[in-house]
Structure formats: C-alpha cells, structure tokens
There are 2 protein chains.
Amino acid sequence: MAWKWPASFQPGRVNHTHINTIVVGAGAAGVGLGVALQDYKAGEFLIVDRHCIGASFLRWPKEMRLITPSFNTTPFGILDLNAVMLHTSVANFLGAEHPTGKQYAHYLQQAAIECQLPVQAGIDIVQVEAPEKAGTRGRAPTPSGPGTTFRLTCRDGSVYTADNVIWAAGEFQYPRTHSFPGAAHCLHNSQIASFQELPGRDRIVIGAFESGVDAAVHLVRRGVHVTLLHGAEQLATQEQDPSRSLSPFTRERLAAVTAERSNLRVLANHRVTEVKRERGGYTVCTVQGSFFSEHQPILATGFVGGVAPVKHLFAYRDDGNILLNEHDESTLTPGLFLAGPLVRHEHHIFCYIYKFRQRFAIVAESVARRLGLPVPDDVAATYHANQMRLEDLSCCGKECVC
Amino acid sequence: MAWKWPASFQPGRVNHTHINTIVVGAGAAGVGLGVALQDYKAGEFLIVDRHCIGASFLRWPKEMRLITPSFNTTPFGILDLNAVMLHTSVANFLGAEHPTGKQYAHYLQQAAIECQLPVQAGIDIVQVEAPEKAGTRGRAPTPSGPGTTFRLTCRDGSVYTADNVIWAAGEFQYPRTHSFPGAAHCLHNSQIASFQELPGRDRIVIGAFESGVDAAVHLVRRGVHVTLLHGAEQLATQEQDPSRSLSPFTRERLAAVTAERSNLRVLANHRVTEVKRERGGYTVCTVQGSFFSEHQPILATGFVGGVAPVKHLFAYRDDGNILLNEHDESTLTPGLFLAGPLVRHEHHIFCYIYKFRQRFAIVAESVARRLGLPVPDDVAATYHANQMRLEDLSCCGKECVC
C-alpha cells in the first residue's frame with residue numbers, strides 16, 4: 001500500500017520542503033497525532049523520525065512489557081488503554097494484555113500503514129528555528145512566507161519549513177544518566193537488550209519506580225541476587241495516580257517474586273550519592289552505607305526526554321517541566337506543540353498512553369484553527385466519547401470512594 | 001456505619017414487607033444496581049442475598065482471578081474495568097490488576113458500606129409470583145394493592161411484596177453439570193476451593209474456555225500432568241469479542257506455561273460424550289477415544305445461571321437465552337428485570353462486569369419511570385460519560401482496523 005504523501009511533499013526531494021505541520025517522532029504520540037490530524041482534516045502534515053515507526057519500543061529490553069493492560073473492550077465502547085487511535089484494539093491485534101515493546105511497535109506500524117500516514121523515517125532533526133514573528137500570540141502565520149515559518153534542519157543539512165511543529169520525540173531514547181556523581185558508570189535500564197543475557201549472579205539496581213522494579217523482577221526470576229536501592233521511605237504503592245505510584249501489574253509481580261523467592265532485597269531510605277569504579281567492580285555509595293558488586297549497577301532513574309532542538313522555544317515551570325498553554329502549545333512560540341509523555345498540566349502527568357492520547361485531539365484542533373480550517377464538531381464528539389479527548393482537566397484526580 | 005434501611009422496611013420484621021423494588025443477589029450486579037437506584041433516586045429498594053455480599057466471589061477457587069484487568073484509570077476519566085460504580089478504582093483499592101475472588105468481594109462489600117446500601121443477607125428467595133395484572137405492558141402497578149405486586153417467598157416462609165423485581169443472582173453458584181452422561185461424576189471448577197490442594201499427579205480437564213484453561217494453568221504450574229479436552233477445532237483465540245474468545249490474560253498465561261513446561265496437552269476436536277466411574281477411577285469418553293484417570297475430572301463447561309424462581313416469568317430466545325426488551329425487562333412480566341452476566345441482546349453478551357454494568361442505568365431509569373419518578377438527565381449523562389450507560393447497542397462490535 002502506497003503512502004499518501006502530502007501533495008507538496010516529494011519523498012527524496014528533501015533539500016527544502018514546506019509543509020503545514022511537521023510531527024517530530026513516530027512513536028505512540030506521533031502516530032496517534034498523525035491519525036488525529038487526518039481525522040480532523042487539519043491540513044497537510046508529515047511525520048518524521050530519526051529511526052523508524054515505534055523505534056523506542058523496538059529498543060525496549062526484550063522482557064519489558066507495557067504496564068497498562070490491554071483488553072478487548074474496544075468493540076464495547078471502551079477504547080483499549082494502549083490504543084492510540086479510535087476503533088483499534090491492541091489486545092485483539094496482538095492477543096496480548098501487556099505487549100512487549102516489539103509487539104507494540106508492530107501495532108503502531110500497522111496503524112500507520114492502515115491509515116496511510118505520511119511517515120518519513122531516517123530524518124534526524126537537529127535544529128529548530130522559530131518564525132521571526134513568534135511571540136505574536138494568536139496570529140496565524142502567513143504560510144511559506146520567509147521568516148514566518150518554523151525552519152527545521154536535519155542532520156544531513158536538508159531543511160524543512162512548517163507552519164506548525166508538534167514535538168513528539170518521547171522519553172525513552174533520552175535516559176537520565178547524571179543523577180549523581182559516577183552515574184555514567186552504570187548501565188541505564190533502557191540500554192539493556194535482554195535481562196536474560198546480563199551476566200553475573202548478583203546485581204545492584206538503583207531506583208525503585210517502574211523501571212527499577214521491572215529490572216529487579218526479571219533478574220530475580222532468573223535467580224540473580226538483586227539489591228534494589230531507593231531513597232524513598234517506602235515503595236510507591238500508596239498514591240492514587242498511577243503516574244506517581246507503582247502499577248497494579250508491577251505490584252503483583254513484585255509480590256509474587258517476594259513470596260516465591262528470597263534473592264531480592266529492597267532497601268528504602270538508601271538514596272544513592274555516588275558510584276565509584278574500583279577494585280575491579282563498582283561501589284555504590286548511599287546515605288546509609290556502601291554496596292559493592294563486580295557487575296555494572298543498573299540505573300533505573302528515569303528519562304529526561306528528547307527536547308534538545310526545541311529546548312530554547314519553551315518556557316519552563318518551577319519544577320523544571322515544560323510550560324504549556326491549554327492547547328499543549330509553547331507559551332513562547334505559537335505553533336510549537338508538545339505531545340506525549342512529557343506533557344504536564346498543573347499536577348496532572350500525561351505519562352501513560354491512555355492519558356496523553358487524550359490530548360491529540362486538542363492539538364489537532366489548534367492546528368486546524370491556526371491554519372484557518374474548520375474544526376469538525378462530530379470528530380471532537382467521537383474522540384471525546386471514546387476516551388480520546390480530554391479538555392477539562394478539573395475532573396481528573398477526584399478522590400475515589402474506595 | 002448504620003445501613004440506611006428504607007423507611008418502610010424494618011429489619012427483623014420480615015413476615016410481610018412491601019418495598020418499591022427488590023434486587024435479588026448482592027454480587028457485582030446487585031451492588032452496582034443498588035448504587036444506580038440510589039443515584040437515580042429511583043424509589044426505595046432492598047437488596048437481598050441468600051448468603052452475603054460478594055458470596056460467589058468468596059467461593060472462587062483461591063487461585064482464580066478476574067480476567068478483566070483493573071488499572072488506576074478512574075481518576076483520569078476511564079472507569080476501572082472492574083468497577084461497578086462511579087468514582088471507584090478496584091486497582092487502587094486493592095492494589096491488584098487481576099483481583100482474586102476474595103479481594104473482589106472485599107471491594108463490593110466496601111462499596112456497599114460506603115454507599116450505605118440496604119442489603120439483607122441470608123434471604124433465600126425460592127418463589128416469585130408476578131402481579132395478577134402482569135401482561136398489561138406500560139401500566140404502572142398500584143403500589144401495595146393486593147395482587148398488583150410481585151410476591152416473593154423466602155425459604156423460611158416469610159414474604160416480600162414489591163412493585164419491581166431485579167433479578168441479579170448471577171451464574172457462579174449455578175454450574176452446568178449435565179452437559180453429557182456422567183457429568184455429575186466430575187468436579188465442577190466452581191466447587192474447587194484451591195487448585196493447590198487438589199491431590200494427584202495427573203488430571204483431565206473438560207472444556208477449554210476461560211475456566212478450563214484457568215484450571216489447567218494452575219495445575220500445570222504445580223507440576224500436574226493435565227489433559228485438556230475440548231470439542232472445538234482450536235482454542236478460542238480468533239474472535240474479536242472477549243465474550244467469545246480467550247482473554248489476553250489467559251492467552252498470555254497459556255503461552256507462558258506452554259513455553260516453560262511440557263506437562264500440558266491440549267486436545268482439540270475431543271468433544272466429551274460420557275464420563276464413567278470404573279476401575280477405581282474415571283473414564284472420559286470423547287468422539288476420538290477414551291482417557292482414564294484415577295482422579296476426578298474437572299468439569300469446566302460453564303454455568304446455567306440461577307433463575308429458577310423466575311424462570312416461568314420470562315420468555316426465551318431460540319438459543320435458549322432469556323428474551324428481554326430494550327429495558328432489560330421481561331417481555332412477559334413488566335417490572336421484572338434481569339441484571340448481570342446472563343443479559344443478552346441480539347448477538348451481544350454482557351458477561352463481563354464492564355459490559356453488564358452499562359445496563360444498570362437503563363434498568364434504574366425504567367424502575368424510576370414505572371414508579372412515576374423523574375429520571376434525572378444529569379445522572380444519565382454522568383453514567384454515560386463514565387462507561388456506565390450503554391443504550392444504543394448498534395455501536396458495539398464494530399470491526400477493528402487492527
């Protein structure tokens with residue numbers, strides 16, 4: 001099946017191409033946003049990715065699985081939690097409740113193919129310049145006028161210009177590796193191809209949120225003696241919001257390995273202060289003493305996100321997160337949008353697929369408005385009815401009775 | 001916390017009590033419907049159960065878990081798949097993705113307590129007589145008039161009368177044990193307290209839908225050699241609707257034990273024709289030969305449902321299922337409603353909690369109308385927005401792209 005390339009875009013002729021909207025990143029957010037732009041008929045667009053569709057998921061450790069469960073609820077009006085577009089069921093397509101990264105990449109690729117999304121792989125955007133008139137809030141740019149559009153430069157020197165840029169580069173390929181001195185001596189969990197193939201009979205894991213517990217569970221099941229160090233008073237099991245708490249999937253796995261095996265020790269109140277390379281191994285220093293292992297400690301301290309080329313075009317919140325307006329748009333640079341797990345509004349964290357997919361429609365509607373195109377009400381209603389459009393965040397985070 | 005008993009009902013004085021609506025069964029459907037009747041202010045009601053709240057779940061085999069996954073999505077506008085009322089999160093309350101029966105009963109009991117539902121335990125309804133004027137569709141009965149109300153007789157001889165009866169007795173306590181000659185020699189999976197405690201090194205399991213595969217998985221993990229016999233050409237993994245297909249949870253578990261162990265054989269095209277008690281054991285005859293085991297075969301052929309006392313008050317479809325109108329009401333007996341996993345409409349099977357909970361609102365609205373009470377639009381809208389109200393079934397079962 002041939003891609004439906006935008007009329008103004010000729011693959012292969014990429015020395016200078018103008019397009020209404022460029023989506024950077026072809027992961028869950030980029031693919032989902034592409035479908036939303038299509039559904040809203042929000043102008044011509046192109047999705048670019050430095051690797052390929054679902055590349056981050058393809059890089060997951062072999063044993064790692066989506067935390068959020070898929071179930072075949074889609075035909076019954078409850079969209080599969082891991083779906084990025086309407087009418088699709090990850091559970092049904094993959095036959096899996098917690099798909100592996102490889103499986104999920106397959107779903108994204110299939111979605112892109114079925115929708116004939118215009119995706120250009122192998123395009124690595126290294127620099128983004130804002131329109132000169134950026135800062136004039138609310139004013140639609142004159143399409144293609146010099147200096148009035150975004151200018152995106154690729155690693156190979158070719159240039160795209162666009163009226164809107166949607167940054168959807170995600171987190172996974174941008175690990176947090178400088179949390180403390182010597183962190184670079186460690187192996188970040190995102191760099192592990194398979195826990196099965198890691199050598200050694202003992203291993204220190206630093207960080208006990210989802211990735212840390214995930215790493216520990218896989219290693220403990222293999223019989224590896226794992227010391228899981230974390231700085232909190234206890235494991236994150238008390239919060240209501242799953243973005244701040246261990247997921248039920250992970251709690252159940254942790255409870256199972258703890259009940260069945262004795263080769264896991266979880267040490268709370270052990271914030272790591274430094275990792276030293278010495279005595280043919282690694283010393284992990286914490287606020288409560290040191291731990292030694294011959295094997296490279298696993299660093300599971302999360303991700304910083306890949307926003308370098310657009311970093312200067314956003315303002316930031318006091319907590320360091322990107323500041324967005326109600327359209328998930330930069331407050332400094334109109335026409336620059338953020339999509340995916342880095343999106344924050346007040347205390348709401350959009351780090352799961354079922355959360356951040358609810359903002360695709362909001363962005364697509366803004367893009368349409370900026371291009372002077374109508375925003376079809378029926379599309380918005382359908383997205384809303386299928387847990388794909390969340391505008392009013394005041395309803396989130398209500399206390400549960402139970 | 002004291003129950004809010006309906007004003008007309010005095011616990012203890014049950015020789016003859018009239019109430020607007022009686023809900024029979026305090027399981028997932030009965031509790032959920034009670035909350036819906038409360039939310040809709042649909043008159044006074046009483047929930048009766050022959051055992052207690054969540055009694056069926058308390059009878060589950062210890063290792064059995066809900067097939068549908070819970071996740072903490074509730075605060076983000078996607079109601080937990082296993083919740084029976086708004087604003088509750090099974091995942092959050094129990095910290096479990098696939099709760100055990102005991103855990104889930106705890107959730108139901110907590111929900112009933114928080115909502116102060118009027119539940120009367122230990123009431124076993126053995127006979128239900130319809131109002132004499134039943135058949136006069138659409139006419140609201142005169143409350144309490146003799147012969148104009150339902151008359152429910154309990155095992156102890158006491159009597160309730162009610163204007164509406166909602167039958168929510170469920171399936172689990174009513175196993176299908178007569179599928180073939182000698183089926184009664186078998187142990188129905190619902191009668192197993194724990195797979196861990198079943199004796200023997202080999203076991204025949206009859207039926208390979210959810211319960212059969214569940215039994216097989218638990219036994220195989222323990223090292224028991226299991227022969228799983230079923231009559232279909234292959235395991236049910238191809239259907240889109242999870243009511244007709246093995247769930248992702250079960251597929252993943254089956255794939256895992258199949259990959260890790262060699263003590264499971266699954267035999268398709270082996271419809272069982274008879275079970276004989278002989279030679280100090282059991283011979284299971286199939287259309288393709290016989291199998292012998294010293295141990296009682298496990299019968300996993302499903303449930304018939306507990307509708308005996310109201311069986312004569314319903315009409316039936318050609319496939320044997322109960323015929324319901326668009327309000328989930330008997331077509332023969334106005335004011336008699338069915339709730340829970342036995343509900344069918346055309347080809348739609350409401351066997352999962354996230355499915356049948358979407359009909360509580362429909363029933364509550366009908367009850368309100370029959371009692372001449374207003375149906376509050378805002379409640380209906382809130383139920384609808386939270387995947388708790390499904391009126392138009394035409395949207396169900398759409399083909400998925402993936």
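User: How many aromatic pairs are there over all chains, and by what rule are they counted?

Analyst: In this predicted model, local features need pLDDT of at least 70 and side-chain atom pairs count only at pLDDT 80 or more, whereas totals for chains, interfaces and linings use all residues. Residues are numbered from 1 along each chain as its sequence is written, chains are lettered from A and ligands numbered from 1 in the order in which they are written, and side-chain values use heavy atoms, leaving out hydrogens and water. The count comes to 26 aromatic pairs over all chains, where rings of Phe, Tyr and Trp (its six-membered ring) pair if their centres lie within 6.5 Å, and planes under 30 degrees apart count as stacked, over 60 as edge-to-face and the rest as tilted.

User: Why is the pair of Trp60(A) and Phe172(A) called tilted?

Analyst: The ring centres of Trp60(A) and Phe172(A) are 6.4 Å apart and the planes stand at 45°, so the pair is tilted. Trp60(A) lies in the loop between helix 2 (55-58) and helix 3 (90-94) of chain A, and Phe172(A) in the loop between strand 6 (159-167) and strand 7 (187-188) of chain A, so the pair ties together parts that are 112 residues apart in sequence. Helices (H or I, at least four residues) and strands (E, at least two) are DSSP runs, numbered from the N terminus.

User: What makes Phe356(A) and Phe360(A) a tilted pair, and are these residues buried or exposed?

Analyst: Their ring centres are 6.1 Å apart with the planes at 50°, so the pair of Phe356(A) and Phe360(A) is tilted. Buried means under 20% relative accessible area, exposed over 50%, and partly exposed in between (1.4 Å probe, protein chains only). Phe356(A), with a relative accessible area of 6%, is therefore buried, and Phe360(A), at 1%, is buried as well.

User: Why is one side of strand 11 and of strand 13 of chain B left without a neighbour in the sheet?

Analyst: The open sheet has three strands in the order 11-12-13 (chain B), with antiparallel pairing; two strands pair if DSSP finds at least two bridges between them. Strand 11 (272-278) and strand 13 (289-293) of chain B stand at the edges, each with a single partner strand, so one side of each has no neighbour there.

User: How do you know that strand 11 pairs with strand 12 of chain B?

Analyst: Six bridges join strand 11 of chain B to strand 12 (residues 281-286) of chain B, and the two run antiparallel. Glu278(B) has Gly281(B) in strand 12 of chain B as its bridge partner.
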